[in-house]
Amino acid sequence: MGSFINPGMLWFAVAGAIPIIIHLLNRQRYQKVRWAAMEFLLEALKKTRRRLQIENLLLLLIRVMVLFLLTLALSRCYFRESPLVALGTVDTHAIIALDNSYSMDYKTGNKTCFEQGRKIALRLVDSLKTSQGDRVSVLTMARPPVGSALVSEGSVDLKKVKKSIANLVVSDFRTDLFETFQQAKDIIDQSDKTRKIFYVVTDMQRVVWEMPPTRQQEFMELITEVSKKAEVQIIDVSKPEPANFLVTKIEPSRKIITTDTEVTFRAEIRNHSPHVSNHAQVNFIVDNFPQNTTTVNLPAQGVGTVSFNYEFIEPGPHWVEIKVEADNLAIDNSRYFVVDVKEALKILIINGEPGVESFEDEVIFLRYALNPSRSEVEKVSIYSLESISDIIFEETDVKKYDLVILANVSFLSQAKVKNLEEYVSAGGGLLIFLGDKIDRTIYNELLYKNGNGLLPAELGLVQGDQSHEEAFSLDRLDFTHGALEYLRPLKSQFGKMVIYEFYQAKTDPDRKDVRVLAWFNDVDSSPAMIEKLFGKGKVMLVTTSADAEWNLMPGRKLYVMVYDQMVMYLAAQPFGFKNILVGQPLQLLIKTHEYAKNFSLVTPQQGMSTISPVQIQDKGFVLTYNRTERHGIYTLNRMAEAGGESELSEDRPASPMNIGGPAIFSYLAVNVDPQEGNLEQIKAEELKQLYPNFKFRKLGELSKTSEAEITKPPPSSIWKYLVYAVLFLLVLESILAQRFGAFKK
Amino acid sequence: MEDYQKYLDPRVLNKISRLDLKARLIVEGYIAGLHKSPYRGVSVEFATHREYVPGDDLRHLDWKIFGRSDRLYIKEYEQETNLNCYLLLDVSESMAYRSGEMSKFDYGSAIAASLAYLMVQQQDAVGLVLFDREVRKVIPPRSNQVHFNAILKEISEAQPTRQTDIKAISLNMADRIEKRGLLIIISDLFDNPLNILKGLQRLRHRGQEIIIFNILDEAELKFPFSRMTQFDGLEEYQDIITDPRPLRRDYLSALNNFTTILRRNCLKERIDYTQISTGQNLDVALTAYLATRLATHKLGRR
């Protein structure tokens, strides 16, 4: 569609009428002559009339064209699409994508990138004309969107659209360029307007434009298609040389954090700037109370790490904040981490062979290994052990334990197994030791269930020498496994283990949820330790016994260390459930004793909503909350019912933090995606190299975007051609006028 | 001595309104320029006496009567001439065109008057025919002063108004003139040249000597117009508004073609054709006449 940079100059098009007016005036202004030699005049006239008419018309046409084209050139005529389309209507559909990811909150001077982008978007809307049928669609670029990404769809009510844009705010999300272009493509496909312009108002982050290799091809095809169907104008609202510090990761040193044990929180601080920063200040905050401050040296575009040690005194939910010193983008300076501090890890040991004498007891070694103290006051271990006979096991509620150990258990029933399955499936840990009491047929039937049960492998025959003259050891271990990763330095010690007997276990190598951790040095390389993921929980099978009946492991240093690590691994609840990124849904399993009809959730902005647990078959109650739109700590409280405490709340552990206030059930840490904090910009040339078929026009390099620049049409050399045409016509006119004039003379 | 030659210039002549004076000045200017006229001394025959009035030439005083009666009488002679001349003056509307100070008709009138004067001076009989598409006035040839005055009167009173038809006039005159003589046609000849020639052929066939003075205006010969012009057609032509510049070439070509046809055919018919521009001096006309007169005289003596 044809448009003009200087439409005011079009008034000069009237000048195109000048030659015609001169011609007409000349026809009006003539001298009168009484003429006698009319016959000769008529004869001459008869001969020249046709030629004269053509010549005059030609010259007149050239002169009119010269003025007309000159006017077009001065008005800087350009074509938005093909010149043919320019002959039609000029209705426009503007699709404005405004980047509202958190990186746009970067502020230098008195405006953030987003505020500048929003202002530009408003100006873009102002430049449209509803009188010629213009429409505007506005979409936000951060995903998942807060509300709807489509702020306005093909609206003609520009006032309303402007109001919607003015109400937009920066989100805590990342930019999703793929989704943005996909959505723009859908709008463009549905638009019936002649001209379609897709404005992308963004801060040009490299991480956003550079797609992962798996998506790059698809993305390139998408943006190429969009640029074919519409003019793409990328408006850069970034600030020059942005610098940003952010905390990218917090990691506790322990998988299970209990009271009175020191835990180290290690944080990764990234410096996204071209300058080295020495002594960047980092604060350590626990439960909103500043605890410690340290400094870190950060290389340019590099990473530094800080560590803070802390010992939680009170059990229950806690949160940690690690905060780097203030910079121009505040949102990612803090990172939060939620921990559930336990008083101790509760382990239920189901003893298949309780002995009268201590050393005959199946689990005596295991008990000592995990908690050598017999005193209830002196706390030497994080484990709190409870041992029961396998006969009474069925009546015990296993759900309140962090780990259940089956040691040489012979009495298994379907009810017991179902109970265990529900427990593991909900996230519990199960450690199974074998021994002479077990019946492999029952185990295979009830626990293995052809691979569908808890048992990681089908049990075969007992291997080894009953006379204990011949022994095996472990010759291969998978130290990459979480249960063994800290034992790598003791690798050589495993070969010295003495194992006389073990059950042969047949694993299905195709199953991805089953993993062998250790193998015996028998001819078949039989598995010694096998893990199976079951629901949200884990099951570990040790194919030999827990006591000294089938091996000589108890009493050895390695025995203590292996089972300590294994128990820790199995009992640890991943912190990930409560440490999520913005936009990720919260899904929390509620144990029976934790049940309340309603929970209140307080957002970091102190907004409150009430959520109720929903029962899911076989999994119990689940609390779900999807609107984790802002980063920070969300607090989940159990709400007391009208008649008093919930009837199931008796088992609720008393927490000092709950005294005098609402019962804090859990915290939830919602963090921003650290990738968005990388403000490095991609240049237009790089973009062209990356996506060669993507045609776009980039405006506003380094925040120099001005209104004139934005409303400026695409660089078009049409006006140049018009000037060439004018020059050509002038030369032609001179030649023709001279030639025709020669006849006249 | 009066510089008569200046009166050969039409621009000077135009300032003089009296035709007789014009004629006298033209002829005397012309004669003065010749120094000696070779055509003087033509024999004359006595006609009558009249009483002397002051200013009469004493050479013509009849001394014998004076001796006898002491009265002064002037001898008047009847010119003995062998030439009858008709001046055919075109009074059609086209002759009224003027671009300068004199119209073609004015110029033609001056020529006619001058020739008449010269002829009367040389005792040739001169008559006048005024014509357009028909003969408007005929004065038979005579050679006295009174007659000359009558010719001047007719010329003065003539008003060019209508179309020309030279062929018709020529045929008319061929029938009307019995005696052989000289016909001087003074016209712009804006008519069909072939028709003109047909008429002239008839006159020639009747033994008439013909001199044609084709009087054209300066503008008609040069077509000097450079701006948009409305040409109001004389002689019942329609008006034309046009840019004259691109027409000039073809106009001049058409005019040249016309005069070439006339000149060539006149030569063939032994007609003396002279094209005169109103910007030219008038002696051209007189010279043409005298040359023809001389030739006729010589033929007559033979």
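Are B:Lys104 and B:Glu220 buried or exposed? Both are buried, where buried means under 20% relative accessible area, exposed means over 50%, and partly exposed lies in between (1.4 Å probe, protein chains only).

This is a predicted model, in which local features need pLDDT of at least 70, side-chain atom pairs count only at pLDDT 80 or more, and totals for chains, interfaces and linings use all residues. Residues are numbered from 1 along each chain as its sequence is written, chains are lettered from A and ligands numbered from 1 in the order in which they are written, and side-chain values use heavy atoms, with hydrogens and water left out.

1. B:Lys104 and B:Glu220 form a salt bridge, at 2.8 Å from N to O. A salt bridge here is a side-chain nitrogen of Lys or Arg within 4 Å of a carboxyl oxygen of Asp or Glu. The pair links distant parts of the chain, 116 residues apart. B:Lys104 sits in helix α4 (residues 104-121) of chain B, and B:Glu220 in helix α8 (residues 218-222) of chain B. Helices (H or I, at least four residues) and strands (E, at least two) are DSSP runs, numbered from the N terminus.

2. A second pair in chain B. B:Asp106 and B:Arg98 also form a salt bridge, with the closest N and O atoms 3.6 Å apart. B:Asp106 is partly exposed, at 23% relative accessible area. B:Arg98 is partly exposed too, at 45%.

3. A:Arg206 bridges to A:Glu686, the closest N and O atoms being 2.7 Å apart. The partners are 480 residues apart and link distant parts of the chain. A:Arg206 belongs to helix α7 (residues 206-209) of chain A, A:Glu686 to helix α14 (residues 684-690) of chain A.

4. A network. A:Lys185, A:Asp189, A:Glu225 and A:Lys229 are linked by salt bridges into a network. Over all chains, the search of the whole structure finds 36 salt bridges. Side chains of opposite charge can pair when their charged atoms come close.

5. Chain A overall. Its secondary structure comes to 16 helices and 38 strands. Of its 745 residues, 52% count as buried. Among contacts (heavy atoms within 4.5 Å) in chain A with a separation of 6 or more, 75% are between residues 24 or more positions apart.

6. Surface of chain A. Chain A exposes about 35,300 Å², and carbon and sulfur atoms supply 52% of that area. Accessible areas come from the Shrake-Rupley method with a 1.4 Å probe; for residues, only the protein chains shown count as cover.
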